[in-house]
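Hi,

Here is the structure we spoke about. Please open it alongside this note; what I found follows below.

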Amino acid sequence: MLAVMTPQPRRMHPAALCLLLFLLLPATAGAHTETGVVGGFLSGFKHPLTGLDHLVAMFAVGLWGAFLGTRAMWTLPVVFPVVMALGGAAGVLGVPLPAVETCVALSGVMLGLLVAFATKPPLWAAAIVVGFFAIFHGHAHGTELPNSANALAYSIGFVISTGLLHLSGIAFGLLARWPWGRIAVRAGGGVVAAVGFGFLFGLL
């Protein structure tokens with residue numbers, strides 16, 4: 001008598017489960033906190049370095065890119081600022097976008113978890129993930145530009161500083177070439193995710 005084989009249900013990846021959970025949260029996170037009039041180049045350059053929410057996300061983009069390999073290492077840090085500029089334009093024009101602050105905080109959580117779980121999707125899928133979060137980062141900052149004393153200089157400083165954060169993430173991510181370094185990189189992803197959790201739940 002032949003035994004009837006019943007298919008086993010597929011288990012959801014932990015990172016995917018976390019994404020589903022946090023997308024159900026209300027848009028109450030306040031990750032992006034700078035308000036008021038901002039200045040020119042120096043203000044734009046300093047902003048990513050003083051805003052921990054943006055800093056960890058930019059670092060994580062470079063970190064994940066280096067972890068995924070050479071092509072991703074140079075592709076993801078290009079995709080992010082390009083799409084971020086589109087989101088920034090939408091913010092300047094006053095185009096509404098829901099759950100901006102929640103998604104800014106969520107970017108650190110998800111990008112950190114992707115590194116911590118050593119997730120290696122195809123390059124196009126990684127670019128979509130990075131581009132998705134870049135829209136919200138750009139929109140959050142774009143809404144500030146109308147109050148800037150020099151929006152162009154602010155934007156240039158901001159982009160340069162963002163690029164340096166990407167490069168710092170890449171530099172750290174290259175440690176994954178060694179077994180001990182791979183552990184350090186994944187632990188770094190865990191730290192990024194923890195910071196994102198802090199912003200998501202208003203702890204930071």
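**Helix α3 and its neighbour**

The axes of helix α3 (residues 52-68) and helix α8 (residues 179-200) come within 10 Å and cross at roughly 150°. An angle over 145 degrees counts as roughly antiparallel, so α3 is roughly antiparallel to α8. The crossing of the two helices is left-handed. Bear in mind that this is a predicted model.

Which residues make the contact between α3 and α8? From α3 come Leu52, Asp53, Val56, Phe59, Ala60, Leu63 and Phe67. From α8 come Arg182, Val185, Arg186, Gly188, Gly189, Val192, Val195 and Phe199. By type, 10 residues of this contact are nonpolar, two are polar and three are charged.

**α3 itself**

Helix α3 has 17 residues. From its first C-alpha to its last it reaches 24 Å, close to the 24 Å expected at 1.5 Å a residue. Is α3 largely enclosed or open? Of its 17 residues, 13 are buried, so α3 is largely enclosed by the rest of the structure. Gly69 follows α3. The phi of Gly69 is positive, near 130°.

**Ala116**

One more residue to look at. Ala116 is found in helix α5 (residues 100-116). Leaving out residues up to four places away in sequence, Ala116 touches Arg186, Gly189 and Gly190. Arg186 and Gly189 are also among the α8 residues in the contact with α3. Ala116 and Arg182 are 66 residues apart in sequence, yet their C-alpha atoms are 9.8 Å apart in space. Arg182 is another α8 residue in the contact with α3.

Best wishes

Key. Residues are numbered from 1 along each chain as its sequence is written. This is a predicted model: local features need pLDDT of at least 70, side-chain atom pairs count only at pLDDT 80 or more; totals for chains, interfaces and linings use all residues. Side-chain values use heavy atoms; hydrogens and water are left out. Helices (H or I, at least four residues) and strands (E, at least two) are DSSP runs, numbered from the N terminus. The expected span of a helix is 1.5 Å times one less than its number of residues. Buried means under 20% relative accessible area, exposed over 50%, partly exposed in between (1.4 Å probe, protein chains only). Axes are lines fitted to C-alpha atoms, for helices over the stretch in contact, and angles run from 0 to 180 degrees between N-to-C directions. Angles under 35 degrees count as roughly parallel, over 145 as roughly antiparallel, 65 to 115 as roughly perpendicular and the rest as oblique. A crossing is left-handed if the near helix is turned anticlockwise from the far one by less than a right angle, and right-handed if clockwise. Contact means heavy atoms within 4.5 Å. Ala, Val, Leu, Ile, Met, Phe, Trp, Tyr, Cys and Pro count as nonpolar, Asp, Glu, Lys and Arg as charged, and the others, Gly among them, as polar.
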